[in-house]
Amino acid sequence: MLKNNSFWDFYWETRLQPMENLGKRAAILSASRLIRSLSEQKPHPLRLLELGCGEGQVIGTLLDAHSQVCSIRESVGVDYNPVSITNCRRDFPGMTCVQGDFTKAELLNSLGKFDLVILVNALHEVFSDSFSPELGEVDVPVAKQNVETAFARAVNCISPGGWVVLFDGLEPSGDPNRNVSVRFYDERGFLNFNSFVQQYHPFKITYGKTSDPFVVTLSQRDFTRYITKSIFLGKQLWKTEQLESYQYFTEEEFDKLFSLQELKIKEFRKLTMNEGKWHDVVEILTPEYTFPDEHILILAQK
Ligand SMILES: C[S@@+](CC[C@H](N)C(=O)[O-])C[C@H]1O[C@@H](n2cnc3c(N)ncnc32)[C@H](O)[C@@H]1O
């Protein structure tokens, strides 16, 4: 049976409802549209590869939906976390789940070529892994180089004419040191911000106090880091979230990353994922400054 767009709109609306992470939902919807269009142009079954697949929520959900046009067994999820890979195998039996480091060329070379390579919230972890104890921060030049190398290796897994879907954090363009003034609505918001300043591991965060205890000034760069982590403060996930910087490349740097690999960008969307929740916690006082676009979704063809 040929399924039309209204079928898929309904399918994804019901299927993605319980998925809290809005970015993941956006990536799945775009990848699903791409798979549908590819299946009309290419002989199937299609092979999918997700690097940093975690428990398989992205690739597994896509394979469930598109099992008629994708090869489940020939599609692969890679993650170095043994618990995630075990859960991925349990939740999506049939799919090939590989425990290993996707930055390693030997591992990727052993997997063959794929029609679609998926990187959802994975490269920021490669960036964050380059934390330098001597600097007390991520070693940015080394970290950026590691991201570029990992991306080049991922692109090498794409068959000619195949695609990559990348969803991840975004460093806002413009002066990172631009000063932003914000007010927390209550003491809880301010105390959470203070915990963020003290516990965020990838970079040192600084801020200026004012005569109003709930008003602070900080750089645009640090504000973006705070705001994108604010939903995890005080929750179980903060333990891992405090170790990772979502932001690593600006829009211009992503553009360069893709053109270096001679990829043709077909979709480039900047997203603000949780603005509704931020408005409940903090108010921006700086005129003409708004909550930043802090995520990116890119679809590109080799
Ligand atoms: C934020 S999770 C996202 C998981 C999945 N993409 C999703 O959206 O549901 C990032 C995953 O990447 C994995 N990861 C990070 N760096 C990795 C590497 N170098 N090799 C393999 N897995 C890696 C982590 O273990 C984690 O499961």
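Let's start with two strands, β9 and β10, where β10 covers residues 215-219: they pair in the antiparallel sense, over two bridges. Keep in mind as we go that this is a predicted model. If you want to find the pairing on screen, look for Gly-208, whose bridge partner in β10 is Thr-217. How does the chain get from β9 to β10? A hairpin joins them, through five residues.

For anyone new to sheets, strands pair through backbone hydrogen bonds, either parallel or antiparallel.

Back to β10 for a moment, and its pairing with β8. How many bridges join β8 to β10? There are five, and the two strands run antiparallel.

Next, the nonpolar cores. The largest has 59 residues, and the ones touching the most other members are Leu-48, Leu-116, Val-117, Ile-118, Leu-119, Val-164 and Val-165. Let's click on one of those, Val-117. Leaving out residues up to four places away in sequence, Val-117 touches Leu-49, Leu-51, Ala-154, Cys-157, Ile-158 and Val-164. Apart from that core lies another, of 13 residues, including Val-182, Leu-218, Tyr-226 and Val-281.

Last stop, the ligand. Which residues are closest to the ligand? They are Gly-52, Gly-54, Tyr-80, Asn-81 and Glu-125, out of 19 residues that surround it. Sorted by type, the residues of this shell come out as eight nonpolar, seven polar and four charged. As for where they come from, α3 (57-65), β2 (76-79) and α6 (123-128) each supply at least two residues of the shell.

Definitions and conventions
Residues numbered from 1 in each chain as written. Predicted model: local features only at pLDDT ≥ 70, side-chain atom pairs only at ≥ 80, totals over all residues. Near = placed C-beta within 6 Å. Helix = DSSP H or I, 4+ residues; strand = E, 2+ residues; numbered from the N terminus. Nonpolar A, V, L, I, M, F, W, Y, C, P; charged D, E, K, R; others polar. Pairing = 2+ DSSP bridges. Core = buried A, V, L, I, M, F, W, Y, C linked by C-beta atoms within 7 Å. Buried ≥ 20, exposed ≤ 12 C-beta atoms within 10 Å, placed from the backbone. Contact = placed C-beta atoms within 7 Å.
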